Amino acid sequence: MKQKIFKMRSGSGFTLIEVLSVALMITILALIAVPAYGKYVVQAMRGNVQNEMYRLQQQEEKYFAQKKAYFAGVSSVQGQWAAHYKLCAVGLTSRTDRPTSCEAGGSDDYPYYAILAIPTSPRQKSDGCGMLLLGSQGEKLVKDEGDSDWKGLDICW
């Protein structure tokens with residue numbers, strides 16, 4: 001008979017070193033995966049609210065085709081993102097106006113509009129994009145809490 005090179009253990013199970021090494025590998029993978037997952041959740045929620053902003057833009061353009069003016073009285077739009085953003089359409093009298101709140105909206109017809117998405121959850125506020133603005137002339141702008149002016153960031157759109 002041939003002699004076995006490796007002897008089999010008589011008992012079944014794993015050694016403490018094997019269990020600890022597997023637990024360490026799982027911990028390392030979790031430490032990498034959890035923050036990355038959170039980042040993707042924030043991006044997905046921003047994408048959802050942007051889709052809703054585009055939908056509102058289409059409604060504004062449809063209204064403009066009928067009335068030759070924009071309606072800017074939309075202030076509480078509901079959706080799966082509503083816990084993270086406040087969405088509104090604000091009427092503008094000048095093309096260069098940049099509102100920073102939804103309180104400026106009225107119920108009249110205006111020559112211009114801006115659709116705002118204002119983050120309400122701490123996770124969305126801290127993503128580096130802040131408020132999103134979609135203008136009637138196609139402007140896509142962002143303004144973080146610390147910023148004094150609107151800017152165009154492609155990574156946010």
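1. A word on the model before anything else. This is a predicted model, where local features need pLDDT of at least 70, side-chain atom pairs count only at pLDDT 80 or more, and totals for chains, interfaces and linings use all residues. Residues are numbered from 1 along each chain as its sequence is written, and side-chain values use heavy atoms, with hydrogens and water left out.

2. Start with helix α1, residues 16-67. Helices here are DSSP runs of H or I with at least four residues, strands are runs of E with at least two, and both are numbered from the N terminus. α1 has 52 residues and spans 76 Å from its first C-alpha to its last, close to the 76 Å expected; that expectation is 1.5 Å times one less than the number of residues. Its buried residues (under 20% relative accessible area; exposed is over 50%, partly exposed in between, with a 1.4 Å probe and protein chains only) include Gly-38, Val-42, Met-45 and Leu-56. The buried residues of α1 pack against β1, β2, β4, α2 and β5, where contact means heavy atoms within 4.5 Å.

3. The cut-off for calling a disulfide is a pair of cysteine sulfur atoms within 2.5 Å, and the structure holds 1. Cys-129 sits in the loop between α2 and β5 and Cys-156 in the segment after β6, so the pair, 27 residues apart, links distant parts of the chain. The link is left-handed, with -90° about the S-S bond. Cys-129 counts as buried because its relative accessible area is 3%, and Cys-156 is buried too, at 2%.

4. Next, the salt bridges, meaning a side-chain nitrogen of Lys or Arg within 4 Å of a carboxyl oxygen of Asp or Glu. The whole structure has 3. In one of them, Asp-127 pairs with Arg-46, with the closest N and O atoms 2.4 Å apart. Asp-127 is in the loop between α2 and β5 while Arg-46 is in α1, so this pair ties together parts 81 residues apart in sequence. Arg-46 is buried at 8%, whereas Asp-127 is partly exposed at 23%.

5. Glu-52 and Arg-55 form another salt bridge, again with closest N and O atoms 2.4 Å apart. They are 3 residues apart in α1, so about one helical turn separates them. Glu-139 and Arg-98 make a bridge as well, at 3.7 Å. That pair links distant parts of the chain: Glu-139 is in the loop between β5 and β6, Arg-98 in the loop between β2 and β3, 41 residues apart.

6. Ser-136, in the loop between β5 and β6, is buried because its relative accessibility is 11%. Leaving out residues up to four places away in sequence, Ser-136 touches Glu-61, Tyr-70, Tyr-112 and Tyr-113. Pro-111 lies in the loop between β3 and β4 and is partly exposed, at 43%. Beyond its neighbours within four places, Pro-111 contacts Tyr-70, Leu-92 and Thr-93.
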